[in-house]
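Good morning, colleagues. Please look at the sequence and the model on the screen while I describe how the chains are arranged.

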Amino acid sequence: MDLVLKRRAIYTGLKPFLNAAELAPALSLWESEFSAKPTHALASFVTRSCTTDDLRRIRTQILSALIAALEAPESLLLSDPGSQVGRLTMSDANAHKVVLDAKNSIFIALSTRLWTAVDEMTEKSIIDFILRNIAHLKLSSEHASNLKDWFINRNALFPCNFELATLQKLINLNYIALCEYYGPVKADRLLSQATHAVEAEAMRLQFNLHDLL
Amino acid sequence: MQRYIRLLLASLSLALLLPSPAIAGAVGGAVSHPTESTIAINSVWVVLAGALVFLMQAGFAMLETGMSRSKNAVNIMMKNYMDLCVGSVLFWLVGYGLMFGFNPTGWLGTDHFAPSYGEDWKFTLLFFHIMFASTAATIVSGAMAERTNYLSYLFGAIGITAVIYPVLGSWIWNSNGWLKQMGFIDFAGSTVVHSLGGWCALAGVILLGPRLGRFSATGTIHQIPGHNIGMMGLGGFILWFGWFGFNAGSTLEASTNIGLIALNTQLSGAAGAISALLTSVILRKPILISSTVNGSIAGLVAITAGCATMDTPYAALTGCIGGIISVLGVLLLEKVRIDDVVGAVSVHGFAGVWGTLAAGMFLKGNMFNGDQIIVQLIGISATFIWVFFAALIMYGLIKVTFGLRVSTMHEQRGLDITEHGEIAYPEFTQHAAYKTENLPHLQKL
């Protein structure tokens, strides 16, 4: 595993637990002292990175997340944050808040509805399917990378406002994945249920939900 | 008085439909010196039979629609409706000439294109054969349902009725056809119509690929049940009813063996349904109406080649084996991940092969004649080679030019919306993702 790939894994593992101010020193520490060490040295890295009581309480969780990220396929890793050595805080592209338009907000609501209707394993498989097919959307590399990051960490802010055609294709990818894992009959039912669930929200935002379908 | 009129009408009808031995004798001599009344009687029978074959289109349309999802119901109906229309015109323009025109080489007819004048009897035959050509074309629609571009499908139907079907027909049913000269038996078209339809369908579904989610990458086979079981069952009944015209009409005269042909047809269809049901039981599969109806159709397909040349017990046996083949064929196609929505390849292709072979094996007065069986095998093989590869090339060309398969977005919405802009059951889709009121607002694909 090369340094960049390892850094992406460490970043993916740490991101759900550390904020932007904590992430940069942690990544800097890992890169300067632990990047060349074997995996078991991660325990010591986590101990030194957890500088607050809150973080210390979840050290085991963070360690597990790091190990899982190091073993995860490349497609599931967040994009490379770049070297953070010597930095006090991360310049996180996702850190600035994007004001989402109606179509992007409804897209998030509809997608989330679709994912909450399935079990955790299937949700992971659906996301993996979408990640494998994001290249077909012909987005710029930056947009593709940001979108990929959002699909991996769906609690993060949506990266930017995408075109309607892109959102439509993403919903279609969701549908194809549902067909793959549940069969087309259940996929139709789930799509219909999700559509009904977000209909009111779409009306409130004065957006035609069926533009996404 | 009314009673006498009714008696008179009944007698006239009987005289027309069931000719007396004297009239039948005249029919028997029809080939050499047909009298005008003989031609009239034969015409009544053949046109009536042709109309029954026309009704089979309705049967196919209902069966295929019932076996598909409701979001593709309009599309399947439209495919069946329009392949009859384009098939009729194209067969009149080109197909009839290729099939029944002067055939010096044994491979192809060379005249009688777009016939517009001639003897009345010729038009009777043309009418009857138009129905057959349309039947051959419509078999394909069910197999390729739910993911085929509508116009591309119609181009395919044109290719079948204008070229693939008539060329094969000229080999087997033209008096100079090379297979006809060899003594190949296919009385009403187990091979010419049904195997042809089955092999065209096989080529089409191979190039199309399965519907979204039918076979998942993890190896799961997702069943996609039809939306209207009643329509499916009624389609089966109507097809069966039309088959009496298909088989008994193929005598092309009001002859005395019509009863035997109709009886053989009936018993074979019944035996096919029973054996399909028993096969499902033995295999511990659910007894589905789709496989039972398919079993009866497979029985009907199988007897079509030998319905006039087989003793009744063998007709039942032929149908029985046809029914078993239909169930096993569907399972085989599932195993090799070929998505045939209605089981057309199995029912028409595989059962058609068996029926053609059975026509040689159980030939009345010449049972199990090795030479005849070899001729049947040659005909079956030649048919597969011509039809499958011609269809593969045709659909391949359509695929690279117009596109054969719709996009995944079309499959998500359903072809009723994307290809026709309407919903089959607008009052009953309140829980669907797409309702009639959404149609004007959908983005064009």
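Helices (H or I, at least four residues) and strands (E, at least two) are taken here as DSSP runs, numbered from the N terminus. With that in mind, chain A has 10 helices and 0 strands. Read from the N terminus on, the order of elements in chain A is α-α-α-α-α-α-α-α-α-α.

A word on the model itself. This is a predicted model, in which local features need pLDDT of at least 70 and side-chain atom pairs count only at pLDDT 80 or more, while totals for chains, interfaces and linings use all residues. Residues are numbered from 1 along each chain as its sequence is written, and chains are lettered from A and ligands numbered from 1 in the order in which they are written.

Let us stay with chain A. The C-alpha trace of chain A spans about 50 × 35 × 35 Å along its principal axes. Of the 213 residues in chain A, 34% are buried; a residue is buried if 20 or more other C-beta atoms, placed from the backbone, lie within 10 Å of its own. I shall also speak of contacts: two residues are in contact if their C-beta atoms, placed from the backbone, lie within 7 Å. Among contacts in chain A between residues at least 6 apart in sequence, 73% join residues at least 24 apart.

Next, the domains, whose bounds come from an automatic or database domain assignment. Chain A is assigned domain 1 (3-76) and domain 2 (102-212). Their centres, taken over C-alpha atoms, are separated by 29 Å. Contact between them involves 5 residues of domain 1 of chain A and 5 residues of domain 2 of chain A.

Chain B is likewise divided, into domain 1 (40-405) and domain 2 (409-441). Here 31 Å separate the two centres, again taken over C-alpha atoms. In chain B, 12 residues of domain 1 are in contact with 9 residues of domain 2. Helix α4 (residues 73-100) of chain B gives the largest share of the domain 1 side, 4 residues.

Finally, how many residues of chain A are in contact with chain B? There are 19, and they meet 17 residues of chain B. On the chain A side, the elements that give two or more residues are α9 (164-182) and α10 (184-204). That side divides into 9 nonpolar, 7 polar and 3 charged residues. In this count Ala, Val, Leu, Ile, Met, Phe, Trp, Tyr, Cys and Pro are nonpolar, Asp, Glu, Lys and Arg are charged, and the others, Gly among them, are polar.

Definitions and conventions
A residue is buried if 20 or more other C-beta atoms lie within 10 Å of its own, exposed if 12 or fewer, and partly exposed in between; C-beta atoms are placed from the backbone.
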